[in-house]
Amino acid sequence: MTATRRAGNLSLLLLLLLCLLAAVTGCSAEQRHRPSVVVTTNILGDLTRNVVGDEAEVTVLMQPGADPHSFGVSAPQAAAMEQADLLVHNGLGLEENVLRHVEAARELGVPTLAVGESVDPMTYTGGESAGQADPHFWTDPVRVREAVRLIGDHVVRHVAGVDAGVVEKNTERYGAELAGLHEEMRGAFGSVPADKRRLVTNHHVFGYLADRYGFRVVGAVIPSGTTLASPSASDLDSLATAVRKAGVTAIFADSSQPDRLAQVLKRESGIDVDVVPLFSESLTPKGQGAATYLQMMRANTEAITEGLTSR
């Protein structure tokens, strides 16, 4: 082989190596700069993933079964919040241990969306949280549909590199599914007689559902909007009296938490009541009944309807 030919082959090899290096570097840069949306709760995470689709990386901080009231952020999660193109959180005091990290991300210039504050929030009417904003808006699918629209608008506005048309199409499609869910729930709850539409829950979490579908909240075992509170003996006694007067036949407790207090109330009330599990503040792992928002609400609708009409 001549020197000239060897030099030519060497030049070709170097050129190929440079092209390969450029391709790898380009891929790494693309992955490094892929749009990122960080979401605090897994319920909001499910909504956001339905809106975003494959247009951006969606990172959800709270794993299935997490209690948003007591959840704490790890150092890597805090870093992800500060590097996001958009940070979506519930707001209204739900993520009690996450707020300072949200504020830190906002101060660094990260666009944030407090969903609960933008969907006509209600206030608690009784218990320790009376007068405060109720963050549990997701029990009302009509408000959730508005939340989905807001998420879609913020993704298009703040997340560079997404296809606005795709995000808008996803938002419209999922919004139609939520409208269908609302009609399903309205039809199911319509079968519950008016004199049985009374709810006693583990803590004040279903106010939005009650308002939307014509239920009366008799009370909660924990007379607060947060699971971090605890009832006194007088609280349980007062609620037991209310349960007896209202003729309640079922107490609804969060499926992810022990129902010991609900069982205590059942004994204290002096009447025969069922303790029915509901999914209230977190989705579940796949296969456990509420892996998506739609599954969660359909399961709750069935449980509430059956719990109030089985006797």
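1. The model is predicted, so local features need pLDDT of at least 70 and side-chain atom pairs count only at pLDDT 80 or more, while totals for chains, interfaces and linings use all residues. Residues are numbered from 1 along each chain as its sequence is written, and side-chain values use heavy atoms, with hydrogens and water left out.

2. The protein chain has 10 helices and 8 strands, taken as DSSP runs (helices H or I, at least four residues; strands E, at least two) and numbered from the N terminus. Of its 311 residues, 48% are buried, meaning under 20% relative accessible area with a 1.4 Å probe, protein chains only.

3. Strands β1 (residues 36-39) and β2 pair in the parallel sense over 4 bridges; pairing requires at least two DSSP bridges between the strands. Val-39 lies opposite Val-60 of β2. On β2 (residues 57-60), Val-58 and Val-60 form the covered face, and Glu-57 and Thr-59 the uncovered one.

4. With helix α2 (residues 42-52), β1 and β2 make a right-handed β-α-β unit: with the strands pointing away from the viewer, the path from the first strand over the helix to the second runs clockwise.

5. Helix α5 (residues 141-158) spans 25 Å from first to last C-alpha, close to the 26 Å expected (1.5 Å times one less than its number of residues). Its buried residues include Pro-141, Arg-143 and His-154. The buried residues of α5 pack against α2, β3, β4, α6, α7 and α10, with contact meaning heavy atoms within 4.5 Å.

Note on methods
Buried means under 20% relative accessible area, exposed over 50%, partly exposed in between (1.4 Å probe, protein chains only).
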